[in-house]
Amino acid sequence: MNQDSTRYIGRVGQTFVYLGKLFRMFLFQSDWKVLPMSAIIAALVSFAVGGNIFKTMEGTLMGAFALSCVCVWNGFFNSIQVIVRERAIIKREHRAGMHISSYVASHMVYQAVLCILQSVITICVCMFMGMKMPQGSLVTPFPLVDFGLTLFFITYCADMLALLISCIAKTTTAAMTIMPFLLIVELLFSGSFFSLPEDVMPLTNLTATKWGLTAICSQGEYNSLPMVSVWNSALKIKDMEVEGEKPLLDTFVYLEENNYRDELLEKSGELNQNPEFDFDTGIVVKCWLWLIGWTAVYLIISVIILEFIDRDKR
């Protein structure tokens, strides 16, 4: 965009001009590669943890964690370099009359489209791989729409965090160096998958994985599922002898012969319910609002930083 055209086009017009530029880059500069990458990652996760998600408590917790991480990974890769790689162009065009708000708005729309496509691809790949999907809806009339919105909000929140890092980083190398550190923080502070000291638990509220994992477990009706870890752990020592006898083996045989296994697993699940994962509309909406809130914070900070790009000596 030349200086004269930039100076006289309004904010909305500039947004559409830069949006067109981004979609051209998507087609002609291989930015589309993020889509097949998200499909491959979804397939790997489905293969690894898809067998038990939304079937058992343990499988649902692990699967929700894995899906949250997939979304965060996709979001980070979408935008971690987009600002830093064209910082000189942004500085030049800002001096020529480009509105930073228009520039960021174009990225908001473009990245939202990418995140929607990645969420749809993830769901389609998971279903193709045989992964069970949530059966109950809480916010919309359609369970898959609820689930897809959760994946989108996680991905978009991570995407805007990466956009913020791209505004701060001095080089693309620095941005890519920061990204693994952020990913580790997202993994460790997911809130429920790793045991953390009580005094650091408030920090989990800062991560997209905490709210994504909670929403997915709630949508998957975590508290109504059986828990199998106690049964499986005891099964490993069923042949242990006590005074020449195998009491555990006899117990297992009795339970299996009388069809008590499923009842025992369900009872184990009832005793290990987590109120944070209740099948409740309020919980899912709360998680979505937290994700939306952090997304807004990242965007506001990004705009503020870029408004001072003319003073940047890099």
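The following legends describe close-up views of a predicted model of one protein chain.

**Figure 1. Overall make-up of the chain.**
The protein chain contains 13 helices and zero strands. The C-alpha trace spans about 90 × 40 × 35 Å along its principal axes. Of the 314 residues in the chain, 46% are buried. When contacts between residues at least 6 apart in sequence are considered, 78% of them join residues at least 24 apart.

**Figure 2. The largest pocket and its lining.**
A probe the size of a water molecule, rolled over the atoms, shows where empty space is left. The largest pocket holds about 230 Å³ of space. Its lining consists of 14 residues, and those nearest the centre of the pocket are Asp31, Val34, Phe77, Asn78 and Arg85. Helix H4 (57–79) and helix H6 (100–128) are the elements that give two or more residues to this lining. The most is given by H6, which supplies four residues.

**Figure 3. Gln111 in helix H6.**
Gln111 is located in helix H6. With a relative accessible area of 0%, Gln111 falls under the 20% limit and is therefore buried. Apart from residues up to four places away in sequence, Gln111 touches Asn78, Ser79 and Val82, and also Tyr156, Asp159 and Met160. Asn78, one of these partners of Gln111, is also among the residues that lie nearest the centre of the largest pocket.

**Figure 4. Thr122 in helix H6.**
Thr122 also belongs to helix H6. The relative accessibility of Thr122 is 3%, so this residue counts as buried. The side chain of Thr122 reaches the backbone oxygen of Gln118 at a distance of 2.8 Å. Once neighbours within four places in sequence are set aside, Thr122 is in contact with Ala42, Leu67, Asn74 and Leu151.

**Figure 5. Helix H7.**
Helix H7 (143–168) is one of the helices against which the buried residues of H13 pack. H7 has 26 residues and extends 38 Å from its first C-alpha to its last, close to the 38 Å expected at 1.5 Å a residue. This helix is mostly covered, since 21 of its 26 residues are buried.

**Figure 6. Helix H13 and its packing.**
Helix H13 is formed by residues 281–307 and has 27 residues. From the first C-alpha of H13 to its last, the helix reaches 39 Å, which is close to the 39 Å expected at 1.5 Å a residue. At the N-terminal end, H13 is capped by Asp280, a side-chain oxygen of which lies 2.9 Å from the backbone nitrogen of Gly282. The buried residues of H13 are Ile283, Val284, Cys287, Trp288, Leu291, Thr295, Tyr298, Leu299, Ser302 and Leu306. These buried residues pack against H6, helix H7 (143–168) and helix H9 (208–219).

**Figure 7. Ser268 in helix H12.**
Ser268 is part of helix H12, which covers residues 261–270. Its relative accessibility is 14%, and Ser268 therefore counts as buried. Neighbours within four places in sequence aside, Ser268 is in contact with Met227 and Val230. Ser268 and Pro141 are separated by 127 residues in sequence and by 31 Å in space, C-alpha to C-alpha.

**Figure 8. Two residues with positive phi.**
Most residues other than glycine have a negative phi. Phe54 is not a glycine, yet its phi is positive, at about 65°. Phe54 is placed in the loop between helix H3 (34–49) and H4. Its relative accessible area is 2%, so Phe54 is buried. Glu221, another residue other than glycine, has a positive phi near 55°. The position of Glu221 is in the loop between H9 and helix H10 (229–235). Glu221 has a relative accessible area of 27% and is therefore partly exposed.

Note on methods: Residues numbered from 1 in each chain as written. Predicted model: local features only at pLDDT ≥ 70, side-chain atom pairs only at ≥ 80, totals over all residues. Heavy atoms only, no water. 1 Å grid on protein atoms, 1.4 Å probe; cavity = no way out; pocket = protein on both sides within 12 Å on 5 of 7 lines; lining within 4 Å. Points joined across faces, edges and corners; volume = space filled by probe spheres on them. Buried < 20%, exposed > 50% of the residue type's maximum accessible area, 1.4 Å probe, protein only. Polar contact = N/O pair within 3.5 Å; in protein donor to acceptor, adjacent residues only side chain to side chain. Contact = heavy atoms within 4.5 Å. Expected span 1.5 Å × (residues − 1).
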